Amino acid sequence: MLVITAVLAKTSLAGEPSPERQSALRNMLNHDCGACHGLTLKGGLGPALLPEALAGKPDDFLISTILNGREGTAMPPWQPFMNRNEAAWLVEILRKSETKP
Ligand code: HEC
């Protein structure tokens, strides 16, 4: 019973973006983020965003980095372009390496 509640709670918290939004976000990832993190996200001006590189880094830390950027580095804040839920979804697809359209 507890398990079921936890699963339901998780689903309602992290509702997936709509299919249209998902493809817009994937586009952004490949073009905008790819400009710094590399077309294949293996790194460039910015570090690699591949599952191995993100392993061990907490979701909250990565989500805040995307939303707020990192002061004193080239990583800009993306808050004007996406909400927290969408940033969380990006972290999820990065971890699963499901970033291609
Ligand atoms: C103008 C260049 C630039 C763009 C565009 C950019 N980033 Fe970054 N990003 C960086 C840099 C540089 C860092 C490393 C900051 C540091 O030194 O801590 C970084 C760090 C990150 C991190 C933290 C990685 C880690 O291992 O801690 C994530 C996650 C991230 N970026 C995601 C994104 C996403 C998603 C986008 C597109 C929505 C994006 N970035 C666009 C330059 C960029």
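## How much of the chain is buried

Of the chain's 101 residues, 31% count as buried. Here, buried means under 20% relative accessible area, exposed means over 50%, and partly exposed covers what lies in between, with a 1.4 Å probe and protein chains only. Keep in mind that this is a predicted model, where local features need pLDDT of at least 70, side-chain atom pairs count only at pLDDT 80 or more, and totals for chains, interfaces and linings use all residues. Residues are numbered from 1 along each chain as its sequence is written, and side-chain values use heavy atoms, with hydrogens and water left out.

## The helices

The secondary structure comes to five helices and zero strands. Reading from the N terminus, the order is α-α-α-α-α. Helices (H or I, at least four residues) and strands (E, at least two) are DSSP runs, numbered from the N terminus.

## A walk along helix 2

Arg21 has its place in helix 2 and is partly exposed, with a relative accessible area of 26%. From Arg21 to Glu86 there are 65 residues in sequence, and their C-alpha atoms are 8.6 Å apart in space. Arg26, also placed in helix 2, counts as buried because its relative accessibility is 15%.

Asn30 and Thr40 are ten residues apart along the chain, and 7.8 Å separates their C-alpha atoms. Ala35 is found in helix 2 too, but Ala35 is exposed, since its relative accessible area is 63%. Ala35 and Leu45 are ten residues apart in sequence, with 8.3 Å from C-alpha to C-alpha.

Leu41 counts as buried because its relative accessibility is 4%.

Ser97 also is not a glycine and has a positive phi of about 60°. Ser97 sits in the segment after helix 5. Ser97 is partly exposed, because its relative accessible area is 47%.

## The largest pocket

How much space lies in the largest pocket? The volume is about 520 Å³. On a 1 Å grid over the protein atoms alone, a cavity is a set of points where a 1.4 Å probe fits but cannot get out, while a pocket is an open set with protein on both sides within 12 Å along at least five of seven lines; lining residues have an atom within 4 Å of a point. Grid points are joined across faces, edges and corners, and a volume is the space filled by probe spheres set on the points.

The lining of the largest pocket has 26 residues, and His37, Pro47, Leu49, Thr65 and Met75 lie nearest its centre. Two or more lining residues come from each of helix 2 (19-37), helix 3 (51-54), helix 4 (59-68) and helix 5 (84-96). Helix 2 gives the most, with five residues. By type, the lining divides into 19 nonpolar, four polar and three charged residues. In this grouping, Ala, Val, Leu, Ile, Met, Phe, Trp, Tyr, Cys and Pro count as nonpolar, Asp, Glu, Lys and Arg as charged, and the others, Gly among them, as polar.

## Around the ligand

There are 21 residues around the ligand, and Cys33, Cys36, His37, Arg70 and Met75 come nearest. A residue is near a molecule or strand if one of its heavy atoms lies within 4 Å of it.

Some side chains also make polar contacts, which are pairs of N or O atoms within 3.5 Å; within protein, one must be able to donate a hydrogen and the other to accept it, and residues adjacent in sequence count only if both atoms are side-chain atoms. An N or O atom in the side chain of His37 is 2.7 Å from a nitrogen atom of the ligand. For Lys57, a polar side-chain atom lies 2.5 Å from an oxygen atom of the ligand. Arg70 likewise has a polar side-chain atom 2.5 Å from an oxygen atom of the ligand.

## The cysteines

A disulfide is a covalent bond between the sulfur atoms of two cysteines. How many disulfides are counted here? With the rule that a pair of cysteine sulfur atoms must be within 2.5 Å, the count comes to zero. Cys33 counts as buried, because its relative accessibility is 12%, whereas Cys36 is partly exposed, with a relative accessible area of 27%.
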